[in-house]
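Let's take a friendly walk through a protein model, with the charged side chains as our guide. Have a look at the sequence and structure first, and then we can go through the details together.

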Amino acid sequence: MFKEIAKISSSDLSVASKELWSIMKSQIEYLDTKGREVIELAFIQMVEAHGEQRRKSGEFYITHPVAAATVLANMKLDSDTIAACLMHDVPEDTHVTLKQLEKDFNPNIIFLISGITKLSKIKYQGEERYAENLRKMFVAMSQDMRVIFIKLADRLHNLKTLKILPPEKAYRIALESLEIYAPIADRLGMSVLKSELEDAAFPYVYPQEYKQFLSLSSIEIEKRKKQVERILKKLKKILIQEDLKGYKVYGRAKKYYSLYKKVSSKHPSLTEINDLVAVRIITPQINDCYHVLSLIHSHFVPVDHKIKDYISYPKSNGYQSLHTTVKDDQTGLVFEVQIRTADMHEYAEYGMAAHWSYKSKKNAVSDQFINSESLKWMKELIDLGKQDLTPEDYLKHVRLDLFQDRIFVMTPKHDVINLPLGATPLDFAYKIHEHIGSQACMAKVNGHPVKLSDELKNGDIVEIVTDSKQKPKRDWLSWVKTAQASKHIRYTLRKQQKSENQ
Ligand code: MN
């Protein structure tokens with residue numbers, strides 16, 4: 001859709017706006033009349049407000065909010081979000097105030113615009129200002145998640161139009177997108193948007209690597225595509241033979257940046273990456289997923305230990321699917337198969353955004369995750385903002401926290417505890433309560449005694465044995481991964497030292 005919008009070249013505002021409206025209109029057919037009317041009104045007011053304003057590229061400014069709004073329409077978001085997105089730069093960049101918009105739009109829309117307006121100053125303008133704005137963003141997100149959807153769509157279009165900026169500025173925006181926005185999209189399970197942000201930022205942050213990678217991978221990907229077409233044919237045949245109806249089968253090419261990250265972090269060669277192109281099977285019901293899995297295994301050879309049941313054990317961002325890696329005996333090709341229902345698929349693509357889609361029926365998966373442990377990271381980032389950290393430290397923690405993968409472990413009562421990857425039983429103890437942390441003397445993982453400094457794994461059931469005579473030791477600082485635990489340990493050590501000195 002960005003390409004179509006970029007083609008609009010008329011120097012006449014009314015012609016350009018007519019063309020833009022016809023694009024916008026074609027994208028919101030899934031909404032009811034009332035929803036479409038709100039969006040049309042927002043469009044008209046937005047055009048009036050921005051008027052002849054131009055972007056640095058020379059295009060009319062109005063192309064930008066429309067482009068961002070089409071991203072959200074693609075995710076089938078509700079009309080309030082799309083209307084707010086159309087007007088997201090109005091209070092900040094035009095003579096029209098938020099107060100004036102209140103006359104014509106409902107409070108939800110006004111809240112969303114004001115949430116974005118507050119964020120619009122989030123740029124690298126010195127660490128202090130930046131940290132402050134990020135704090136605001138996490139608060140706004142926690143009040144209404146749709147604020148961040150608009151921000152991400154806004155950012156995506158800005159990334160796609162970075163070319164016209166001075167290289168230094170383009171680099172900073174792209175880097176910020178890789179460090180902050182893409183990880184947020186990932187946390188929210190919005191995999192499509194996450195990959196688009198990453199792929200748009202990739203060439204600006206790693207120009208050399210991007211060029212190299214592009215020439216290498218395109219050959220390999222082309223080769224794989226042909227192989228996958230053959231596999232798809234085979235799979236369809238199997239489904240027909242088994243008389244399975246209502247199933248969809250298709251291939252999927254891996255995105256550049258995630259592929260680059262995979263190659264550069266684990267050092268496999270491109271040919272060794274089995275999910276370079278994967279195939280997907282969408283089933284009518286959950287039970288069908290397991291049925292199809294066994295069917296796949298009866299036709300292809302499963303590769304050892306590569307079966308993952310993310311249906312019973314969803315990923316921390318709510319992603320659900322069955323994954324298996326299999327080998328086609330005839331061709332020797334090893335490939336990944338992902339099996340899931342249509343609901344799971346929608347959630348896998350749009351994540352949290354699926355929860356706010358125009359449909360009144362809320363997605364069961366997102367319902368479960370929206371209220372759960374998986375969103376606690378956001379609250380933690382808000383809490384972190386209230387602590388007495390320097391802007392530099394705050395940013396460091398935010399980046400670390402967003403970048404690190406999370407693991408989910410359980411208490412003996414099966415309460416789920418969310419920790420960063422690499423966390424130890426000591427982190428777990430402090431997470432439960434600072435007293436449990438400071439008095440921890442031993443841990444059991446899945447019933448077996450382990451060291452307090454051992455690394456926890458996803459799904460571990462962790463039990464902490466405490467002793468009232470126990471005291472935090474200096475060593476402990478190197479055993480913990482969370483800011484929360486090290487803060488408590490430092491605090492107690494300082495207290496101990498003071499009382500010893502007295
Ligand atoms: Mn904008």
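The count comes to nine salt bridges, where a salt bridge is a side-chain nitrogen of Lys or Arg within 4 Å of a carboxyl oxygen of Asp or Glu. Keep in mind that this is a predicted model, in which local features need pLDDT of at least 70 and side-chain atom pairs count only at pLDDT 80 or more, while totals for chains, interfaces and linings use all residues. Residues are numbered from 1 along each chain as its sequence is written, and side-chain values use heavy atoms, with hydrogens and water left out.

- K99 and E102 form a salt bridge with an N to O distance of 3.2 Å.
- Both K99 and E102 sit in helix α7 (residues 98–102), three residues apart, or about one turn of the helix; helices (H or I, at least four residues) and strands (E, at least two) are DSSP runs, numbered from the N terminus.
- K99 is exposed at 61% relative accessibility, while E102 is partly exposed at 40%; here buried means under 20% relative accessible area, exposed over 50%, and partly exposed in between, with a 1.4 Å probe and protein chains only.
- R172 and E168 also meet in a salt bridge, at 3.9 Å from N to O.
- R172 is partly exposed at 32% relative accessibility, whereas E168 is exposed at 53%.

**Salt bridges elsewhere**

- R280 pairs with E349 in a salt bridge, and their closest N and O atoms are 3.7 Å apart.
- This pair links distant parts of the chain, since R280 is in strand β2 (residues 277–283) and E349 is in helix α16, 69 residues apart.
- Is R280 buried or exposed? R280 is buried, with a relative accessible area of 10%.
- D78, D144 and R146 are joined in a network of salt bridges.

**Helix α16 and its end**

- In helix α16 (residues 342–350), the buried residues are M344, H345, Y347, A348 and Y350.

**A closer look at V38**

- V38 belongs to helix α3 (residues 33–50) and is partly exposed, with a relative accessible area of 23%.
- Leaving aside residues up to four places away in sequence, V38 touches A83, F105 and I109, where contact means heavy atoms within 4.5 Å.
- V38 and A84 are 46 residues apart along the chain, and their C-alpha atoms are separated by 9.9 Å.
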